[in-house]
Every structure is written in C-alpha cells, then in structure tokens.
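Subject: Structure for you to look at, with notes

Dear colleague,

Please find below the structure I promised to pass on, followed by my notes on it. I would be glad if you could read the two side by side.

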Amino acid sequence: MNVVLCGMMGAGKSTVGFQLARLAGKKWVDTDYLIEKRYGKISDIFASRGEAYFRALETDTVRSLSQKDGLVISTGGGLVMREENCALLKENGKIVFLRAKLQTLLSRVKLDGTRPLLKEGNVEEKLTALLEERMPVYERVSDLIVDTDGKKKYEIAREIFERLEGAL
C-alpha cells in the first residue's frame with residue numbers, strides 16, 4: 001500500500017512525506033520532482049505549454065506510481081483535482097490531506113517565486129481562491145485529514161504513521 005499526501009502548496013507535503021517515509025521504512029517520491037526531472041522546471045512547463053499540459057504530465061506520473069507498492073507519495077497541490085488521479089491513487093493507497101490555514105500557507109509560500117499559480121497579482125487573493133476551490137475536493141477524496149498548523153514536520157509524520165499504522 002502507498003500513502004499519498006495531498007494539500008495546498010505550502011502545506012508540507014514534501015517535507016512531511018520525506019519524514020514519513022523514513023519513519024515507515026518506505027521509499028519517498030514527489031510527483032513534482034519526478035516531472036521536473038523528466039520534463040524540466042514546472043514554471044517553464046506552465047509558461048511554454050500551459051497548465052493543461054502539466055496536468056496531463058501529472059496524470060501520466062500518477063498512472064506509473066499507482067502500479068507500485070510501498071511508497072510515500074507527495075503530490076502537487078492540484079493533482080487530486082482530477083478524478084482520474086484520485087481513482088488511480090486509491091487503487092493501492094490511502095490519501096492523507098495535510099490541512100493548513102490560509103495564514104500558515106501564506107507564511108510558507110509568499111516569498112517563493114517558483115509557484116506558477118501565484119506568479120502574477122496578489123498572492124493572498126490567489127491563494128484564497130485556490131483554497132476555496134480545492135478544500136472541498138481535498139476533504140472529499142482523503143481517507144485521513146491531518147491539521148498541520150503549529151506542528152513540526154516530524155510531529156505530523158508521527159501522527160500520520162500512528163493513525164495509519166494498521167494500513168502501513
């Protein structure tokens with residue numbers, strides 16, 4: 001079985017995923033990293049080919065990962081917005097939503113210029129709109145919700161590990 005971390009940019013999917021994999025003795029993979037390794041920077045993909053093309057690359061990556069077992073998978077923030085991705089991930093995994101409040105997310109991403117969906121305009125307004133759009137989907141597709149506000153990465157990883165221990 002795989003453990004799949006979803007949530008907004010800045011929720012801690014990559015840092016918590018790495019910690020959880022170490023704790024559970026599993027291999028950690030990050031979908032954004034895999035895409036960048038194969039196709040180049042995500043911001044360049046968005047600029048040259050558009051978001052739809054990037055989302056197709058995500059689905060191809062998920063299709064490949066869903067055939068494997070024993071992974072902790074950190075996903076891009078928009079990956080679970082496609083039903084096909086969720087169905088593939090749930091075939092052999094549990095989806096964990098790392099939930100964070102807007103202010104927590106803002107403090108983590110406001111100075112990060114690599115986020116294509118936050119490049120132009122007011123970061124707080126864009127992040128608020130994305131959060132409003134994505135929150136219901138994250139909650140609906142997740143098997144487990146973990147609040148991350150005010151917690152350290154290893155505390156979050158430990159909570160996930162303990163709550164999913166029977167499934168790991």
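Which residue's side chain is joined to that of Arg 63 by a polar contact of 2.5 Å? It is Glu 84 whose side chain makes that contact with Arg 63, where a polar contact is a pair of N or O atoms within 3.5 Å, of which, within protein, one must be able to donate a hydrogen and the other to accept it, and residues adjacent in sequence count only if both atoms are side-chain atoms.

Before going further, please note that this is a predicted model, in which local features need pLDDT of at least 70 and side-chain atom pairs count only at pLDDT 80 or more, while totals for chains, interfaces and linings use all residues. Residues are numbered from 1 along each chain as its sequence is written, and side-chain values use heavy atoms, with hydrogens and water left out.

The overall picture

The protein chain holds eight helices and five strands, these being DSSP runs numbered from the N terminus (H or I of at least four residues for helices, E of at least two for strands). Along the sequence they follow the pattern β-α-β-α-α-α-β-α-β-α-α-β-α. Of the 168 residues in the protein chain, 46% are buried, where buried means under 20% relative accessible area, exposed means over 50%, and partly exposed lies in between (1.4 Å probe, protein chains only). Among the contacts in the protein chain with a separation of 6 or more, 72% are between residues 24 or more positions apart, a contact being heavy atoms within 4.5 Å.

Arg 63 is found in helix H4 and is partly exposed, with a relative accessible area of 35%. Leaving aside neighbours within four places in sequence, Arg 63 is in contact with Glu 84 and Leu 88, and its C-alpha atom is separated by 7.6 Å from that of Asn 85, which is 22 residues away along the chain.

Helix H4 (residues 51-65) and H5 pack at an angle of about 15°, with their axes 9 Å apart; the axes are lines fitted to C-alpha atoms, for helices over the stretch in contact, and angles run from 0 to 180 degrees between N-to-C directions. H4 and H5 are therefore roughly parallel to each other, given that angles under 35 degrees count as roughly parallel, over 145 as roughly antiparallel, 65 to 115 as roughly perpendicular and the rest as oblique. Thr 59, Val 62 and Arg 63 of H4 make the contact with Glu 84, Asn 85, Leu 88 and Leu 89 of H5. These residues divide into three nonpolar, two polar and two charged (Ala, Val, Leu, Ile, Met, Phe, Trp, Tyr, Cys and Pro count as nonpolar, Asp, Glu, Lys and Arg as charged, and the others, Gly among them, as polar).

Two further helix pairs

Helix H2 (residues 31-39) also packs with H4, at an angle of about 110° and with the axes 10 Å apart, which makes H2 roughly perpendicular to H4. On the H2 side the contact is made by Thr 31, Asp 32, Leu 34, Ile 35 and Tyr 39, and on the H4 side by Tyr 53, Phe 54, Leu 57, Glu 58, Thr 61 and Leu 65. Seven of the residues in this contact of H2 with H4 are nonpolar, two are polar and two are charged.

Helix H1 (residues 13-24) and helix H8 (residues 153-164) pack at about 55°, with their axes 8 Å apart, so H1 is oblique to H8. The residues of the contact of H1 with H8 divide into nine nonpolar, two polar and two charged. Arg 22, which is found in H1, is exposed, with a relative accessible area of 59%.

Two buried loop residues

Thr 75 lies in the loop between strand S3 (71-74) and helix H5 (83-91) and is buried, with a relative accessible area of 4%. A polar atom of the Thr 75 side chain lies 2.8 Å from the backbone oxygen of Leu 5. Met 9, placed in the loop between strand S1 (2-6) and H1, is likewise buried, with a relative accessible area of 8%, and its C-alpha atom is separated by 5.3 Å from that of Gly 77, 68 residues away along the chain.
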